[in-house]
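Subject: Structure handover

Hi,

Here is the structure I promised to pass on. Please open it next to this email and follow along.

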Amino acid sequence: MARRRRRDSDAGEEFAAAVESRLAPADGEAGDGEGDAERVPLGRLLVERSALSEDQVVGALTTQTETGKRLGEILLEGGLLSEEALAEVLADQLGLATIDLAREKLDRSVVELISASDARRLGAIGVRREGERVLVAVADPVIPGITKELIGIVNAPVRLVVAARGAVF
């Protein structure tokens with residue numbers, strides 16, 4: 001019986017350490033996406049901004065571990081964060097700008113550069129041209145390879161901006 005408690009305790013300590021490392025990693029620790037060695041974890045940003053309590057983030061991280069869902073998705077589904085707030089914190093996390101698509105006049109020729117199926121699959125919509133670049137609003141800027149894929153689709157350099165998921169889909 002004592003041996004089982006020790007294993008359960010060890011497992012609990014390992015889980016707590018894993019949650020803590022995802023909430024507040026040590027300086028210089030790499031993240032889990034492309035080019036994000038300096039990326040501050042989403043949960044940590046939300047706590048620092050007082051958007052969520054540490055307990056709320058730890059609860060969401062626990063759910064993430066159990067379900068495999070992404071943290072932002074869990075926070076949206078749980079009503080803990082709005083789509084707009086998620087877009088803002090993702091943009092800040094990645095050093096991108098946000099865009100309010102309801103206030104933007106979209107250039108039809110740029111919108112049509114991305115097929116409807118690619119737009120749905122990537123959660124992306126062309127907004128306008130900025131010189132040689134195409135401004136593309138995305139709901140999920142951390143999709144691996146999204147920038148390269150969009151460059152290939154629109155056949156031009158792109159600048160990503162983050163929009164609320166409901167505005168893109």
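Below is what turned up, starting with the overall layout and ending with one glutamate.

Please keep in mind that this is a predicted model.

**Overall layout**

The protein chain has 9 helices and 4 strands. Along the sequence, their order is α-α-α-α-α-β-α-α-β-β-α-β-α. The chain has 169 residues, and 34% of them count as buried. Take the contacts between residues at least 6 apart in sequence: 55% of these join residues at least 24 apart.

**The strands**

Start with strand S4, residues 158-162. Here 4 of the 5 residues are buried, so the strand is largely enclosed by the rest of the structure.

Which strands pair with S4? One is strand S1, residues 97-98, which runs parallel to S4 and is joined to it by 2 bridges. In that pairing, Thr98 stands opposite Val162 of S4. Another is strand S3, residues 133-138, also parallel to S4, with 5 bridges. Ala137 has Val161 in S4 as its bridge partner. Between S3 and S4 the chain crosses through helix H8, residues 146-154. This β-α-β crossover is right-handed.

S3 also pairs with strand S2, residues 124-130. That pairing is antiparallel and spans 6 bridges. Within it, Gly126 is bridged to Val136 in S3. S2 and S3 form a hairpin with 2 residues between the strands. Gly131 in this hairpin takes a positive phi, near 65 degrees.

**Helix H3**

Next, look at H3, which covers residues 54-67. Its 14 residues reach 20 Å from the first C-alpha to the last. That is close to the 20 Å expected at 1.5 Å a residue.

Which residues of H3 are buried? They are Val57, Ala60, Leu61 and Gln64. Seen down the helix axis, the buried residues of H3 fall within an arc of 100 degrees, so they line one face of the helix. An α-helix has 3.6 residues a turn, so residues three or four places apart point the same way. On the other side of H3, Asp55 and Glu66 are exposed. Gly68 follows the helix, and its phi is positive, near 80 degrees.

**Salt bridges**

Side chains of opposite charge can pair when their charged atoms come close. Counting a side-chain nitrogen of Lys or Arg within 4 Å of a carboxyl oxygen of Asp or Glu, the total comes to 12 salt bridges.

- Glu48 and Arg44: the side chains meet with N to O at 3.2 Å. Both residues lie in helix H2, residues 42-48. They sit 4 residues apart, about one turn of the helix. Glu48 is exposed, at 53% relative accessible area. Arg44 is partly exposed, at 26%.
- Glu83 and Arg165: this salt bridge has an N to O distance of 4.0 Å. It links distant parts of the chain, 82 residues apart. Glu83 belongs to helix H5, residues 83-94, and Arg165 to helix H9, residues 165-168. Glu83 is partly exposed, with 26% relative accessibility. Arg165 is partly exposed too, with 37%.
- Glu130 and Arg128: the closest N and O atoms of this salt bridge are 3.6 Å apart. Glu130 is partly exposed, at 28% relative accessible area. Arg128 is partly exposed as well, at 29%.

**Glu88**

Last stop: where does Glu88 sit? Glu88 is in helix H5. Is Glu88 buried, exposed or partly exposed? Its relative accessible area is 46%, so Glu88 counts as partly exposed. Setting aside residues up to four places away in sequence, Glu88 touches Arg49 and Thr98. Thr98 is the residue that stands opposite Val162 in S4. Glu88 and Ala163 are 75 residues apart in sequence. In space, their C-alpha atoms are 8.1 Å apart.

Best wishes

Notes: Residues are numbered from 1 along each chain as its sequence is written. This is a predicted model: local features need pLDDT of at least 70, side-chain atom pairs count only at pLDDT 80 or more; totals for chains, interfaces and linings use all residues. Side-chain values use heavy atoms; hydrogens and water are left out. The expected span of a helix is 1.5 Å times one less than its number of residues. Buried means under 20% relative accessible area, exposed over 50%, partly exposed in between (1.4 Å probe, protein chains only). The arc is that of the directions from the helix axis to the C-beta atoms. Two strands pair if DSSP finds at least two bridges between them. A crossover is right-handed if, with the strands pointing away from the viewer, the path from the first strand over the helix to the second runs clockwise. Contact means heavy atoms within 4.5 Å.
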